[in-house]
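Please open the structure in your viewer and keep the selection tool at hand. The tour moves from one selection to the next and says what is there each time.

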Amino acid sequence: MFLPCYGQEKSIQLEEVKVGGRRYQRAAEGILSIDILNADSIQKYQAGSLMQTLSRLPGVNAIGIGPNLSKPQIRGLGFNRVATVENGIKHEGQQWGLDHGLEIDQFSVGSAEVLKGASSFLYGSDAIGGVIRLLPPTELREDGFKGNFNVLTKSNNATYGGSFHAQGRKGHWVFGGGFTHLDYADYKVPTDTVYVYNYAVRLKDRHVRNTAGRETHFQLRSGYISDRFSSILYLSNYHTKLGFFANAHGLEPRGVDTALYDKSSRDIGFPSQTVNHLKLINRSFIDWDKHKLWIDLGYQKNYRQEYNNYTAHGYMPPVYPQDMTVPIYLERLYDKQIYSMTLKDQFSLAKHRLTIGANGDYQDNRIDGWSFLIPSYRQKAMGLFAYDQYLLDDRTTLYGALRYDYSHIHTSSYQDWFDSQLEGNQTARIVRASELSRRFNSLVWSIGAGRQFGSVETKINLGKSFRAPIAQELAANGVNYHYFSYEKGNGSLSPEQSYQLDLSLTWSAKKASAALTPFFNYFANYIYLNPTSRYDQYYGAGNQIFEYTESRVRRYGAELKVSYQPLKQWKVELLGEYVRSEQLSGAKKGYTLPFSPAPSILMDLSWAAKNSKHFKDTYLSIDCKWTAAQYHVVPPEEFTPAYQVFNFRTGTQVNFAKSAIQLRLQIQNLFDKKYMDHTSFYRLIALPEQGRNFILSIGVPFG
Amino acid sequence: MKLFNMKVLQKYTLIAVLFVMAAACKKDKESIDTEKPTIAIDSDTAFPKQCSTIKRGTSFTFRSTLADNVALGSYSIDVHHNFDHHSHSTEIGECTVEAIKTPIKPFVLVKTVNIPGQPQQYNAELQIDVPADIDPGNYHFMIQVTDLAGWSTQKGISIRILE
């Protein structure tokens, strides 16, 4: 049970999608449904971003803008309703933002776990919809030094890149690190023309104008490991510069100088963003008498700049004033620093295995730029928790958890830098946000039971989760010109309360396995950005008012995983997901929630060759994903038609000069299908998803 | 023992299946509005149209027929310059485009109107005075309309203001 956070070193060929219940049978999360992807599978299914790779898992979707930027969505909940936890510390970026992507290098991940279900009792606010948990590569068990080089190329957006990873151990001291660099051009879609409203935007060579990007990331870790004590320091930095579709950043069609933009498919013009995420984490473990103690300390700095040409919207001055201290191309800047700490103590008391703990974080958010959406703010949060697992008998475990959270948010005031016209020909610099201070308290709980019936494992869990309102929901008061919306926060919102019932049935036999995970969820007050029927002339500069309101919401759904190995070398896999949300009160009663994923079924057929002298772990697989049409929409969304997409994968390890070179080839969107993804931002402007994409990677291990 | 397990398994499977079905098969009780409102700018009386010209120092009347399948909410007019050719109309057809220039005193108009009585159709009429001292040139005339459910439609028309 030493450091359960370490993944299994063994690489798993045909069992990528596992139910991790057993791995965590003796931990508090054992009651939840957990899907695990190891580093090998992440490479095998590699898509443009970590979340797009993970979205193959049933119940997991990516909310993306283009192929290289996306954030997690679990069972239809995303943004601040899913927590991403890396090395025990909650990852903090600008999750609320429309064009924010998760700042994590997918090549650095040792294993990824998806915890579906109400996980607030584990990680507090934001884990209301689930958790993406990322773990580093397993440390070596014996002295040595090893690593690998990996180079890759992708045809669709002419990606060239590579990563280098190394790790070593001497006695009790371990160290490791990695470096990734990716350079890609504008991506291609299977269409020559995109219709942003009625305006036809011609694409040169089917390239989505100005979506090129560059990424450079590194990680370093070092520490001490023994049976009784371990302490590891993790340092990482993620840096990306990425362009956005120049003809419509948001909903507004834009004319661009095509001669300038189409000169090269690799240059990055406006609009674009650069994001730097620095992270320093220390994880320590102490086995002290009958207690197991974990101490996680973290510091993160998320620095995000959004660049665009200055465009005078509404009452903004037609020419950018020379006396402005904000650079003319800096539309928005978000600078966030977070300090976090988690303490956990696990011990046994009779038949009970108890865990008590606390966590706290402090964050400081600063804004800049000529455009305003949310004010600067500071936030403190702390939580106290206790879990209990009671072994009723050999096959039955009962789970219980209780957690209390307190948070305090203080938002700063903000005033426009330009005059707006008010009633009666008066002008004024509008105060967009006034100082606001709010405190939130939440008490959540979870009870469950797990029981093994022969080859069937059953779990049932009922829990209450919460999420404290964020700065945007409380204090937004800005015009998002890209979306023709004037977003109005509501300072009196209370923390979201959600009740969820989860079931999990897994059956496994020698040649087959199946898992069904239905859930039912009720939100007493889901915080929702409601598009009203009104416009605001003065504060909103004539744009439609979008107000943060609360509504009651019912959600339900299920995921299904079936795998069958009729012959030793053949495997069939079926992955299905269904989720339905409905607002039960408020202005949008009867409507769904935004970005509701459509039901889908993925079928995969894999063949694994027998190992030979020269080739090892050779595989061939083809999968087809059928996604139903999505007619459950809410303004301003559109219906999204059904589609099916095929992917092909193959790979092998070639024994060459004492090392095994890993070769992989993927053809994503094999038939260059033109389709739209309902959870993509570019869906709103009817921009299809990426076309056919060949991905070739070569890995050379050493040591 | 084995038999017992099968029974329990069957029972649990049945419960799970019923649970999903009960949830999934619930009929949508009330139909919700999923249609956007419309802005008609093609009729003879509609003004301005794509490539319309207006003389500065005069007044004109914006006229358009707005419609929705259920009930209209409000509309909004926004006039801003397009001297840098950055704004695009949503309409097909290129108009006379003047050379790129720096605005000095461009015409800016923001006007929102609540449509009274939640009608399904509304003939919008709004008198707009164009001051005599504003910059002539290419402008963008934007019309937005909402319905009661919060659906919205935008239309951007390229116009020219002449001296």
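How many residues of chain A are in contact with chain B, and how many of chain B with chain A? Select both chains and you will find 52 residues of chain A in contact with 53 residues of chain B, where contact means heavy atoms within 4.5 Å. Before going further, note that this is a predicted model, in which local features need pLDDT of at least 70 and side-chain atom pairs count only at pLDDT 80 or more, while totals for chains, interfaces and linings use all residues. Residues are numbered from 1 along each chain as its sequence is written, chains are lettered from A and ligands numbered from 1 in the order in which they are written, and side-chain values use heavy atoms, with hydrogens and water left out.

**The interface**

Stay with the two chains: between them they bury about 4300 Å², 59% of it on carbon and sulfur atoms, buried area being the accessible area (1.4 Å probe) that two parts lose on being put together, summed over both. Next, select A:E638 and B:K36, whose side chains meet in a salt bridge at 2.9 Å, N to O. The rule, a side-chain nitrogen of Lys or Arg within 4 Å of a carboxyl oxygen of Asp or Glu, finds one salt bridge across this interface.

**Chain B**

Of the 163 residues in chain B, 46% are buried, where buried means under 20% relative accessible area, exposed over 50% and partly exposed in between (1.4 Å probe, protein chains only). Select B:F47, B:F60, B:F62, B:Y75, B:Y122 and B:F141 to see a cluster linked by ring pairs. Rings of Phe, Tyr and Trp (its six-membered ring) pair if their centres lie within 6.5 Å, and planes under 30 degrees apart count as stacked, over 60 as edge-to-face and the rest as tilted.

**The largest core of chain A**

Turn to chain A and select A:Y310, A:M316, A:Y320, A:W370, A:I374 and A:W417, which touch the most other members of the largest nonpolar core, a set of 38 residues. Such a core is made of buried Ala, Val, Leu, Ile, Met, Phe, Trp, Tyr and Cys residues joined through side-chain atoms within 4.5 Å. Strand 19 (330–349), helix 5 (471–475) and strand 33 (543–567) of chain A each give two or more residues to this core. A second, separate core of 30 residues includes A:Y184, A:F244, A:F245 and A:F681.

**Ring pairs and a charge over a ring**

Over all chains, the count comes to 35 aromatic pairs. Select A:F285 and A:W294, whose ring centres are 5.2 Å apart with planes at 50°, so the pair is tilted. A:F285 is buried at 0% relative accessible area, and A:W294 counts as buried at 9%. Then select A:Y310 and A:W370, an edge-to-face pair with 5.2 Å centre to centre and 80° between the planes; the two residues lie 60 residues apart, in distant parts of the chain. Finally, select A:R81 and A:Y526, where the charged end of A:R81 sits over the ring of A:Y526, 3.9 Å from its centre; the rule asks for NZ of Lys or CZ of Arg within 6 Å of the ring centre and within 35 degrees of the ring normal.

Notes. Helices (H or I, at least four residues) and strands (E, at least two) are DSSP runs, numbered from the N terminus.
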